[in-house]
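Q: I have a structure open and some questions about it. Can we go through it together?

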Amino acid sequence: MNIEIRKLTLEDYADLKESMLQAYDSMGGQIWPKSSIAKLLKIFPEGQLCIAVDDKVVACSLSIIVEYDEYGDRHTYKLITGDYSFSTHDPNGDTLYGIEIFVHPEYRGLRLGRRLYEARKELCESLNLKSIIAGGRIPGYHAYAETLSPRQYIDKVKAKEIYDPTLTFQISNDFHVRKVLKNYLPGDHESKEYATLIEWNNIYYQGIDASARSAMTIRLGLVQWQMRLFPDMESFYEQVEFFVDAVSGYKSDFVMFPELFNTPLLQPYNHLPEIEAMRKLAEKTEEIVQKMHEYALSYNVNIITGSMPILDDGKLYNATYLCHRTGKIDEYRKIHITPNEQKYYGMVGGDKVQVFDTDCGKVGILICYDVEFPELSRIYADQGMQILFVPFLTDTQNGYTRVRHCAQARAIENECYVAIAGCVGNLPKVNNMDIQFAQSAVFTPSDFAFPTNAVKAEATPNTEMVLVVDVDLHLLDELHHYGTVKILKDRRRDLYQVKLLK
């Protein structure tokens with residue numbers, strides 16, 4: 001499955017029409033005619049957004065810009081759209097007005113509506129508009145109309161005593177109800193023709209030009225995973241989804257799990273030799289990756305899955321997966337296998353070294369021991385890496401110190417961010433996985449634009465938690481060109497080289 005959010009085009013109309021018919025089946029299948037879509041695309045093309053799943057448009061948001069004070073809080077949908085002609089669109093206005101948003105019902109489990117709302121917010125900020133305003137339906141109100149006024153109904157939805165499929169979603173996306181409108185959208189019988197006038201305020205509008213805000217700020221979510229036994233796979237997935245949900249709730253762009261974080265699932269095989277037990281665990285990897293792929297799509301977050309054993313042509317590898325929120329999946333196999341991994345599990349190293357293109361820039365992945373070999377990250381840096389992710393698993397403070405200090409060195413010498421995430425706690429009843437030590441962290445280069453100790457943030461040692469951290473890619477660009485030292489540029493390429501042999 002491939003998910004793409006982009007500007008709408010007139011060529012999308014056939015898919016758009018089908019999705020509208022399905023989305024508004026309860027309202028008689030009302031749809032926008034092709035001529036209206038063409039008019040919107042002509043006057044304000046950047047305001048018309050859609051989401052295509054496998055090249056089929058299944059969700060859409062339509063907007064115009066208005067000078068809001070000309071209409072005030074008592075307007076109707078017909079008035080604000082100029083009797084559906086969009087003559088009210090004013091490129092010099094101060095408010096982004098949402099005139100439509102819908103998702104095909106078969107795709108609503110993918111949380112596509114959240115992506116459209118986030119894209120609208122980004123558009124509002126980039127155009128330096130004061131706010132987003134829209135009239136929102138309250139389709140659940142008809143079931144309570146005899147006992148509750150619209151205001152009472154809205155208050156109960158806010159208090160989460162009642163679930164409304166539209167208003168609950170809008171509130172969870174940081175919109176607030178500005179006013180209750182009567183006769184806003186004639187024919188909306190589910191809402192009893194009431195609507196909420198909802199608003200999202202652009203905090204960058206006054207005092208700070210939205211164009212000055214870095215569009216290159218990336219939010220990382222690191223899971224410091226507590227080792228625990230699980231009675232079944234469902235319990236394991238519940239714990240994984242809990243962390244994905246929590247981190248995506250903070251609008252993170254990435255979530256990373258640690259190396260071999262799924263080894264509690266070895267417990268049923270503890271009677272087997274370690275090498276056989278790990279091969280049994282490898283049989284679950286495809287299913288786990290598929291589940292995390294689904295989470296990446298539905299929670300709109302890129303997931304570094306933490307590493308897991310995989311079998312390929314009879315050989316056992318230690319691999320991690322990058323599940324993109326667009327639907328793509330990339331794989332990385334640990335290059336350097338530790339003596340323990342060789343001795344107890346018979347693991348072998350991978351042979352593919354490459355950076356991955358994401359919607360947040362170029363990233364690299366190294367698994368634990370790999371970060372102690374500077375050649376790999378230097379090759380990544382030459383390929384344009386901006387963020388290096390390192391899922392790790394260490395049992396002692398000695399092992400952790402090696403990973404930590406090598407990761408810090410990689411950040412400084414390659415002028416990039418390095419994020420590390422590990423497992424904590426004890427794991428009885430699983431051979432060779434008894435104890436863990438970790439302190440997850442995000443490291444930076446060392447120059448004036450960064451923290452003086454080159455540590456952006458770090459977790460509490462040996463405590464299950466998440467670490468949510470913002471990193472600014474613009475600062476890396478400035479460092480490359482104007483840093484106190486320019487490590488990547490100042491290398492003596494005439495004297496030495498680091499390069500891949502295959």
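Q: Where is glutamine 239 placed?
A: Glutamine 239 sits in helix 7, residues 233-249. Helices here are DSSP runs (H or I, at least four residues), strands are E runs of at least two, and both are numbered from the N terminus. This is a predicted model, where local features need pLDDT of at least 70, side-chain atom pairs count only at pLDDT 80 or more, and totals for chains, interfaces and linings use all residues. Residues are numbered from 1 along each chain as its sequence is written, and side-chain values use heavy atoms, leaving out hydrogens and water.

Q: Is glutamine 239 buried or exposed?
A: Buried, with a relative accessible area of 18%. Buried means under 20%, exposed over 50%, partly exposed in between (1.4 Å probe, protein chains only).

Q: What does glutamine 239 touch?
A: Trp225, Arg228, Phe230 and Glu464, leaving aside residues up to four places away in sequence. Contact means heavy atoms within 4.5 Å.

Q: What about aromatics: how many pairs does the structure hold?
A: There are 25 aromatic pairs. Rings of Phe, Tyr and Trp (its six-membered ring) pair if their centres lie within 6.5 Å; planes under 30 degrees apart are stacked, over 60 edge-to-face, the rest tilted. Tryptophan 225 and phenylalanine 261 pair edge-to-face, 5.0 Å centre to centre with 90° between the planes.

Q: How many residues apart are tryptophan 225 and phenylalanine 261?
A: They are 36 residues apart, so the pair links distant parts of the chain. Tryptophan 225 is buried at 0% relative accessible area, and phenylalanine 261 is also at 0%.
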